[in-house]
Amino acid sequence: MGNREIIIKKIVLLGDSSVGKTSLIRRFVQEQFSDNYISTIGAKVSKKVVPASFEGEDFDVKIMVWDIIGSKGYLSTQSKHIAGADGAILVVDLTKPESMNSLEKYWIPLLKEVTGGILPSLLFAGNKKDLVESQEEIDMMTQMFKELESKYCDDIEKRVEGGHAGSLLTSAKTGENVEDGFYNLVISMLAANPEMDPMHRQIGVSKAKSIYETDERKTTRSVMDLIVVDLPHLVKATNKSTEILQDCIAKLGFSKDLPKPKDVRNFIDCVLFSASKAGADKEEIEKYRKKWMKPLGKMGL
Ligand SMILES: Nc1nc2c(ncn2[C@@H]2O[C@H](COP(=O)(O)OP(=O)(O)OP(=O)(O)O)[C@@H](O)[C@H]2O)c(=O)[nH]1
Ligand SMILES: [Mg+2]
C-alpha cells in the first residue's frame with residue numbers, strides 16, 4: 001500500500017431544531033443514540049478520521065464535524081461557524097414537512113451568503129426514516145430529495161456514477177445510511193477540492209464578520225445570538241462555551257427562540273458567572289456584560 005495522504009476537511013450540519021443533527025453526529029462519531037433531546041446552542045466540534053479512496057489514491061480524511069444551532073435567527077452564530085466549510089449536510093426531519101421547506105427558504109441561502117455564492121459539497125439527509133412506515137411515503141420523499149440533488153449538487157452525475165448519492169434517507173436511531181452519508185460527502189469533497197483553497201475560507205470568515213457587525217440587534221433573540229457568538233472568545237474554547245450556554249438555558253428553563261427580556265438578563269448573569277468559574281478574566285467579563293446589556297438598553301428594556 002502506498003503512502004496515505006492526510007487531508008483535513010470541515011463539515012457543517014445544518015437544518016431546523018430537532019431534525020436530528022446532534023444525533024447523526026453522535027451516531028457517526030460515537031456509534032450511540034439517545035432519545036433525550038438537549039437542544040444545541042452555540043456549536044460543538046467533533047473529529048473523526050475517515051479512510052477513503054479516490055481516483056486510485058488512498059487518503060485519511062480527518063473531518064471536523066461542526067454541530068450548529070438550528071434555531072432560525074441565530075444568524076451571527078450560524079454564519080461564523082459555517083465559514084470555511086468544505087461540505088455541508090442539510091438535514092430534514094421526514095416527519096416534519098416544514099423542515100424540508102426551510103432548506104430552500106433559510107439554510108441554502110444562508111450557506112450561499114457565507115460562502116460567497118459558491119456552494120460547498122452537499123449531502124441532503126432525510127432523517128428519522130425509522131418513523132416513516134409506508135413505502136409510498138418513502139418513495140415520494142426519495143423523489144423530492146433527488147430533485148434537490150440535481151438542483152444543488154453540481155457534481156451529482158459523477159457522484160451517482162461512482163455510487164455516492166447526494167441524498168440519503170437516514171436514521172440516527174438505527175444507524176441506517178449514516179456512515180454512508182458521511183462517506184459520500186467525503187468523496188464529493190475530495191472530488192471538488194483536493195487542495196484546500198485558502199481564498200474561500202477567507203471569504204467565509206469576512207462574510208460572517210460582516211453579518212456579525214451589521215446585525216442591529218433589535219430583538220431579544222439577536223442579543224442571545226450576540227452572547228452565543230462572543231462567549232467562546234471569553235472562555236477561549238468552543239465546546240466549553242457551548243456547555244455553559246446549554247447549562248444556563250437548562251437551569252433557567254426558557255425558550256431560546258422567544259426569550260423574554262428578563263430571561264436574557266438572567267442568562268447574561270448565569271453565563272458570566274460560569275465564565276468566571278471557568279477562569280475568564282474579570283475585566284473581560286465586565287467588558288462583555290456592558291456589550292451585551294447595551295442593545296437591551298436600546299430596546300428600552
Ligand atoms: N426516531 C428517531 N428519533 C431521532 C432520530 N434522530 C434524532 N431523533 C430524536 O429527535 C430529537 C432531536 O434530536 P437532536 O439530534 O437533538 O436534534 P438537533 O437537530 O440537534 O436539534 P437542535 O440542536 O435543537 O437544533 C431527539 O429526541 C432525538 O432522540 C432518528 O433518526 N429517529
Ligand atoms: Mg443539536
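## Close-up views of a predicted model

**View 1. The shell around ligand 1.** The shell holds 4 nonpolar, 11 polar and 5 charged residues (Ala, Val, Leu, Ile, Met, Phe, Trp, Tyr, Cys and Pro count as nonpolar, Asp, Glu, Lys and Arg as charged, the others, Gly among them, as polar). In total 20 residues surround the ligand, and Gly20, Ser23, Ser39, Thr40 and Gly70 are the closest; a residue is near a molecule if its C-beta atom, placed from the backbone, lies within 6 Å of it. Helix 1 (residues 21–30) gives the most, with 3 residues; helices are DSSP runs of H or I with at least four residues, strands are E runs of at least two, and both are numbered from the N terminus.

This is a predicted model, where local features need pLDDT of at least 70, side-chain atom pairs count only at pLDDT 80 or more, and totals for chains, interfaces and linings use all residues. Residues are numbered from 1 along each chain as its sequence is written, while chains are lettered from A and ligands numbered from 1 in the order in which they are written.

**View 2. Strand 1 beside strand 4.** Strand 1 (residues 5–14) and strand 4 (residues 87–93) pair in the parallel sense over 4 bridges. Look for Leu14, which stands opposite Leu90 in strand 4.

Conventions
Two strands pair if DSSP finds at least two bridges between them.
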